[in-house]
Amino acid sequence: MRQLCARAIAKIQRQLQIGEVLMAKLMTALFCTSFAIGCHAASFDCAKAVSLTEMTICNDSVLSKLDDELSEIYKRAKVKAADQTAFQQQTKAAWKWREANCRSRDCLVNWYTQRKMTLVRAAGLEPASKCQADGPVTVSGLVMRETLTLEPDGRKVNAFILVASNPICVRIEPMEPTDKSGAKDVMRTRFQLVSVNNAVLANTIAKFASRKVTVTGNLSTDNITQYYAVTDAIDVKSIGAM
């Protein structure tokens with residue numbers, strides 16, 4: 001009897017999964033038809049999307065833009081790859097991991113960010129500028145609205161994150177004068193956009209969510225996370241569409 005019940009439950013679960021995929025596929029088709037636009041990410045045809053992950057990407061403008069950018073970097077990295085077989089194997093492994101593990105938008109955003117950095121290194125692309133210390137900076141990229149958790153109290157905050165078009169080399173100075181390890185140069189792609197003592201500009205930043213922008217402001221690195229959602233922040237002085 002237990003075996004029969006287990007088989008029945010497994011069958012129902014499979015049917016539910018199939019129904020979920022079919023419903024998502026139907027919604028994708030309706031979305032593309034209703035708005036008469038090509039729901040087409042650069043690396044695959046949304047009309048042929050079959051997985052929940054692919055359909056999530058097709059129905060999210062931010063994810064679609066990230067896919068567009070990754071596709072361009074992929075083409076450049078592929079040309080540079082000395083071992084084409086190994087490159088294709090790594091690409092396939094990364095795609096399989098995404099399909100098997102990403103079940104949320106945040107997971108997909110993080111996957112695109114990490115994959116982009118991997119391909120930038122593989123292509124030998126130089127960062128947009130020399131290593132940037134705290135101070136004036138200009139960065140271009142995509143603005144995303146995210147709900148993030150502050151440490152250590154676990155508070156949820158709404159934040160605007162700039163995903164840089166190219167990884168930025170950031171120089172992090174030691175926090176303590178007694179630290180003799182010296183400055184560290186690290187590659188970063190995510191910067192929290194803030195506007196200190198300027199409510200009008202803060203509202204302006206919100207209007208650029210899901211859009212590509214160029215931001216000018218003051219970079220602050222290695223921030224403590226009870227005040228910032230990510231460790232690197234830009235106090236925005238001006239922002240405009242690319």
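Author: The model is predicted, so to speak of local features pLDDT of at least 70 is needed, side-chain atom pairs count only at pLDDT 80 or more, and totals for linings use all residues. Residues are numbered from 1 along each chain as its sequence is written, and side-chain values use heavy atoms, with hydrogens and water left out.The largest pocket holds about 340 Å³ of space, a volume being the space filled by probe spheres set on grid points joined across faces, edges and corners. A pocket is an open set of points on a 1 Å grid over the protein atoms alone, where a 1.4 Å probe fits, with protein on both sides within 12 Å along at least five of seven lines; lining residues have an atom within 4 Å of a point.

Its lining has 17 residues, and S43, Y74, T91, W95 and W111 lie nearest the centre. Eight of the lining residues are nonpolar, four polar and five charged (Ala, Val, Leu, Ile, Met, Phe, Trp, Tyr, Cys and Pro count as nonpolar, Asp, Glu, Lys and Arg as charged, the others, Gly among them, as polar). Helices are DSSP runs of H or I, at least four residues, numbered from the N terminus.

Helix α3 (residues 61-80) packs on helix α4 (residues 84-101) at about 150°, the axes 9 Å apart. Therefore α3 is roughly antiparallel to α4, a term for angles over 145 degrees. Axes are lines fitted to C-alpha atoms over the stretch in contact, and angles run from 0 to 180 degrees between N-to-C directions. In this contact (heavy atoms within 4.5 Å), Y74, A77 and K78 of α3 meet Q84, F87, Q88 and T91 of α4.

Terms used: Helices (H or I, at least four residues) and strands (E, at least two) are DSSP runs, numbered from the N terminus. Angles under 35 degrees count as roughly parallel, over 145 as roughly antiparallel, 65 to 115 as roughly perpendicular and the rest as oblique.
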